[in-house]
Amino acid sequence: MDWKITVLCENTVTTPGLLGEHGFAAYVETPDGNILFDTGQGFSLVQNALRLQKDLRQVARVVLSHGHFDHTGGLLAFLGVHGPCDIVAHPDVLSERFRWMPVGKEEKPMSIGIPWREAYLTTRGARFRWQREFAEIAPNVFVTGEVPRATDFETGDPKFVIRRNGDWVPDPFLDDYSMVVKTPDGLVILLGCAHAGLINILNHAIAQTGEQRIHAILGGTHLGFSPQPQLERTLEALKKYDLKLVATSHCTGQAPIARLAAEFGKAFGFGNVGFVLLPASGH
C-alpha cells in the first residue's frame with residue numbers, strides 16, 4: 001500500500017516560503033483517495049498547500065480531530081477551494097468549548113470552539129458524516145472514534161471546560177479523534193491533540209485493528225499542557241512500543257519535545273510544516 005502524509009499547518013516552519021500558525025493539518029495520500037486531517041486556523045492552509053503542491057481539490061474527505069478553532073478554522077477556506085465535501089467527525093465537534101485563560105489579573109473562560117455554526121458550514125458545502133465508533137473510512141485507514149480512558153495518569157489539562165447545567169465542568173473530549181493507517185510496517189497514527197491521552201489512543205488502535213506493531217506517530221500530544229507526572233509516565237509507556245518514529249507537532253510543547261528528542265534519539269522527528277512521512281523509514 002502506497003501512502004504519504006505531509007504536514008500542511010503547524011506552529012513552526014524551517015523552509016522558506018511556508019507559513020506557520022498555531023494549529024494543525026495534514027494531507028494524507030492513499031491509493032483510494034486523499035484525506036485532509038484537520039484544517040488549522042485557516043491562515044496558512046491554502047497557501048502552504050499550494051507551496052507544497054498538494055491539491056486541496058483532490059481531497060476525497062476531511063477528518064476533524066476535535067472541535068477546537070485551531071483544527072477546524074480552515075474548514076471554510078478549504079470548502080471555498082474544494083466545493084462540497086464529506087466531513088468525518090464526532091457530533092460533539094460543533095459543541096461550544098472554552099479554556100480558562102488569563103485576562104488582566106484574573107482568569108476567564110474564553111471560547112475556543114469551532115468558529116461557525118453547523119448551518120453556516122452545511123450551506124457552504126460541508127456534508128457532515130457523524131461517527132462515534134472506531135471505523136474504516138477508506139481501505140486500511142481508520143478513525144478512532146471515542147477513545148476509552150483506561151490509563152490512570154493521562155488526566156489532561158483541567159482548564160478545558162464546557163458549560164453544563166449552568167456550571168463549568170471539565171471537557172470530556174469525546175470527540176478527540178486520531179487517524180490510524182494500517183501499513184505493512186505496522187500502524188501509523190496521526191494525532192490532532194491527543195486530548196484522550198496518547199497511550200490511551202495507541203492501546204485503542206492496537207485493540208481495534210489487532211496489529212501490535214506501531215511504526216510511527218505524528219502530530220500533537222498536548223504533553224506541554226498536561227501535568228509533569230503525566231509526561232514522565234507517558235515517556236515510560238512509549239518506550240514499550242518499539243516505535244520507529246515519534247514525530248511531534250503543535251501542542252506538544254518545547255520542553256516535552258526536548259525530552260522526547262533526548263529519549264528517542266534517531267527515532268525522533270519534529271513534524272513541522274512541510275514534514276513528510278513515507279512508508280518504511282522514508283521520512
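This is a predicted model: local features need pLDDT of at least 70, side-chain atom pairs count only at pLDDT 80 or more; totals for chains, interfaces and linings use all residues.

Student: Which element does Thr 234 lie in?

Tutor: Thr 234 is part of helix H6, which covers residues 228-238.

Student: And what is Thr 234 in contact with, leaving aside its neighbours in sequence?

Tutor: Once residues within four places in sequence are set aside, Thr 234 has contacts with Phe 153, Glu 154, Leu 198, Ile 199 and Leu 223.

Student: Let me step back a bit. What does the secondary structure of the protein chain come to?

Tutor: The chain has seven helices and 18 strands. Its radius of gyration is 18 Å, close to the 19 Å from the globule rule for 283 residues, so the chain is as compact as a globular protein of that length.

Student: What does the C-alpha trace span along its principal axes?

Tutor: About 50 × 45 × 40 Å. Buried residues account for 54% of the 283 residues.

Student: How about contacts, what share join residues at least 24 apart?

Tutor: That share is 70%, counted among contacts between residues at least 6 apart in sequence.

Student: Surface next. How much of the accessible surface belongs to carbon and sulfur atoms?

Tutor: Carbon and sulfur atoms hold 51% of an accessible surface of about 12,100 Å². As for charge, there are 26 positive and 30 negative charges, and their mean positions lie 3 Å apart.

Student: Now the strands. Why is strand E14 called largely enclosed?

Tutor: Strand E14 runs over residues 186-191, and six of its six residues are buried, so the rest of the structure largely encloses it.

Student: Which strands does E14 pair with?

Tutor: One partner is E13, residues 178-183, which is antiparallel to E14 and joined to it by six bridges. Another is E15, residues 214-220, which runs parallel to E14 with five bridges between them.

Student: How do E13 and E14 connect?

Tutor: Through a hairpin of two residues.

Student: Which strand is E11 joined to by four bridges?

Tutor: Strand E11, residues 160-164, is joined to E12 in an antiparallel arrangement. Within this pair, Arg 164 is opposite Asp 167 of E12. Two residues sit between E11 and E12 in their hairpin, and Asn 165 in that turn has a positive phi of about 50°.

Student: Where else is there a positive phi in a residue other than glycine?

Tutor: Phe 173 has one, with phi near 50°. Phe 173 sits in the loop between strand E12 and E13, and its relative accessibility of 6% makes it buried. His 222 also has a positive phi, about 60°, without being a glycine.

Student: Where does His 222 lie?

Tutor: His 222 is in the loop between E15 and helix H6. His 222 counts as buried too, at 6% relative accessibility.

Student: Speaking of histidines, where is His 68 found?

Tutor: In the loop between strand E4 and helix H2. His 68 is buried, with a relative accessible area of 4%.

Student: And what does His 68 touch?

Tutor: Not counting residues up to four places away in sequence, His 68 touches Arg 97, Ile 112, Gly 113, Phe 160, Phe 173 and His 195.

Student: Last stop, Leu 75. Which helix is it found in?

Tutor: Leu 75 belongs to helix H3, residues 75-82. Its relative accessibility is 0%, which puts it among the buried residues.

Student: What does Leu 75 touch beyond four places away in sequence?

Tutor: Leu 75 touches Thr 39, Leu 64, Ile 87, Leu 121 and Phe 128.

Notes. Residues are numbered from 1 along each chain as its sequence is written. Side-chain values use heavy atoms; hydrogens and water are left out. The radius of gyration is taken over C-alpha atoms; the globule rule is 2.2 Å times the number of residues to the power 0.38. Buried means under 20% relative accessible area, exposed over 50%, partly exposed in between (1.4 Å probe, protein chains only). Contact means heavy atoms within 4.5 Å. Accessible areas come from the Shrake-Rupley method with a 1.4 Å probe; for residues, only the protein chains shown count as cover. Lys and Arg count as positive and Asp and Glu as negative; His and the chain ends are not counted. The place of a charge is taken as NZ of Lys, CZ of Arg, CG of Asp or CD of Glu. Two strands pair if DSSP finds at least two bridges between them.
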